Amino acid sequence: MGTPDPREIAPVPAAVLADPGERPGRLTMILRQSDYHWTRLRRTWKGSVVTSLLTPLLYVFAMGTVLGGYIDAAGTGPAGAPSYLHFVAAGLVAGQAMTVAVGDSTYPVYGAIVWDKTYQALLATPLRVSDVVAAQLLAILARVGLSCAIFMLTLVPFGVYASAAGALGAFLVVLLVGLAFAAPVCAYSVWISSDAGLSLVFRLGVVPLFMFSGAFFPTSNLGPVLERLVMLSPLWHGVELTRALMLGRLLPVGAVVVHLAVLVALAVVGWWLMVHHLRRRLLT
């Protein structure tokens, strides 16, 4: 008998390659992927400087300082905020978390399956699907955290924070906002069969949510019907929490619980869907 052609040999499932009893812990399996994500970040961060830092700052100067000066002079600024800049800054920070999270959850994730075959290579090792998903979401969360941290630090000279504790709490909230968007969008990117569907995320999702989730004006200006509709937006929940913490404003306990519950539920459901779709697409 001749030597079989390697191309005709079916790949061995990762579960067969390692004895489950000898498999390293989950945290170890996740950390083993950090070198890949760190290398990718070092090679690509320059291309995202504009969207991650310069664009938000332009929003601050254009909307918060220039336009905000006219609004404050006219005395028509939003109630409960010392100035329009204080009001819009929280919306910009939460919107930044959403934008970065969605950007890293669409084409990079879809490309890791279709173009680069990165996930296929990872799953050819003892890594489990849940390990790959967890590492991917943590990498996106790290990008969101780095971008929002730099952005929030640049806002310090503008005096938009009521206290350091409030600023720290707002930062933790925007991390949760990023995860609440990253997990469902990653699941969608894994599920779709064509990259044509990714542009819809930005046109029908990111832009409308950014404009009509209370980032630039109170949602009460939309009227009772649209205001209730906006409450379905995860970004609105993030903006409300972020603004309250940055301004040092107390929210009712029930409202805080609802805001957090919505964001956590989206993150958990999105994680489960991504694991389910990735397993179904690559291992069945």
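## Overall fold and burial

A residue is called buried here when its relative accessible area is under 20%. In this predicted model, 45% of the 284 residues of the chain count as buried.

The secondary structure of the chain consists of 13 helices and zero strands. Read from the N terminus, the order of elements is α-α-α-α-α-α-α-α-α-α-α-α-α.

## The largest pocket

The volume of the largest pocket is about 360 Å³. Its lining is made up of 20 residues, and those nearest the centre are His 37, Trp 38, Leu 41, Ala 139 and Ile 140.

Three helices each supply at least two residues of this lining: helix 2 (26-31), helix 3 (34-44) and helix 8 (129-154). Helix 8 contributes the most, with seven residues. Sorted by class, the lining of the largest pocket holds eleven nonpolar, six polar and three charged residues.

## Salt bridges

Side chains of opposite charge can pair when their charged atoms come close. Across the whole structure, a search finds two salt bridges.

One of them joins Arg 143 to Asp 104, with 2.9 Å between the closest N and O atoms. This pair links distant parts of the chain, as Arg 143 belongs to helix 8 and Asp 104 to helix 5 (residues 84-105), 39 residues apart. Both Arg 143 and Asp 104 are buried.

Arg 128 forms a salt bridge with Asp 131, and here the closest N and O atoms are 2.9 Å apart. Arg 128 has a relative accessibility of 25% and therefore counts as partly exposed. Asp 131 counts as buried because its relative accessibility is 0%.

A pair of aromatic rings is described by the distance of the centres and the angle of the planes. The count for this structure is six aromatic pairs. Among them is the pair of Tyr 84 and Phe 87, which is stacked, at 6.3 Å centre to centre and with 25° between the planes. Tyr 84 and Phe 87 are three residues apart in helix 5, so about one helical turn separates them. Both residues, Tyr 84 and Phe 87, are buried.

Phe 212 and Phe 217 form an edge-to-face pair, because their planes stand at 75°, over the cut-off of 60 degrees, with the ring centres 6.4 Å apart. Phe 212 has 44% relative accessibility and so counts as partly exposed. Phe 217, with a relative accessible area of 24%, is also partly exposed.

## Val 264 in helix 13

Where does Val 264 lie in the chain? Val 264 is part of helix 13, which covers residues 253-282. Its relative accessible area is 40%, so Val 264 is partly exposed; that class lies between the buried limit of 20% and the exposed limit of 50%.

Along the chain, Val 264 and Leu 176 are 88 residues apart, yet 7.3 Å separates their C-alpha atoms.

Key
Residues numbered from 1 in each chain as written. Predicted model: local features only at pLDDT ≥ 70, side-chain atom pairs only at ≥ 80, totals over all residues. Heavy atoms only, no water. 1 Å grid on protein atoms, 1.4 Å probe; cavity = no way out; pocket = protein on both sides within 12 Å on 5 of 7 lines; lining within 4 Å. Points joined across faces, edges and corners; volume = space filled by probe spheres on them. Helix = DSSP H or I, 4+ residues; strand = E, 2+ residues; numbered from the N terminus. Nonpolar A, V, L, I, M, F, W, Y, C, P; charged D, E, K, R; others polar. Buried < 20%, exposed > 50% of the residue type's maximum accessible area, 1.4 Å probe, protein only. Salt bridge = Lys/Arg side-chain N within 4 Å of Asp/Glu carboxyl O. Phe/Tyr/Trp six-rings, centres within 6.5 Å; stacked < 30°, edge-to-face > 60°.
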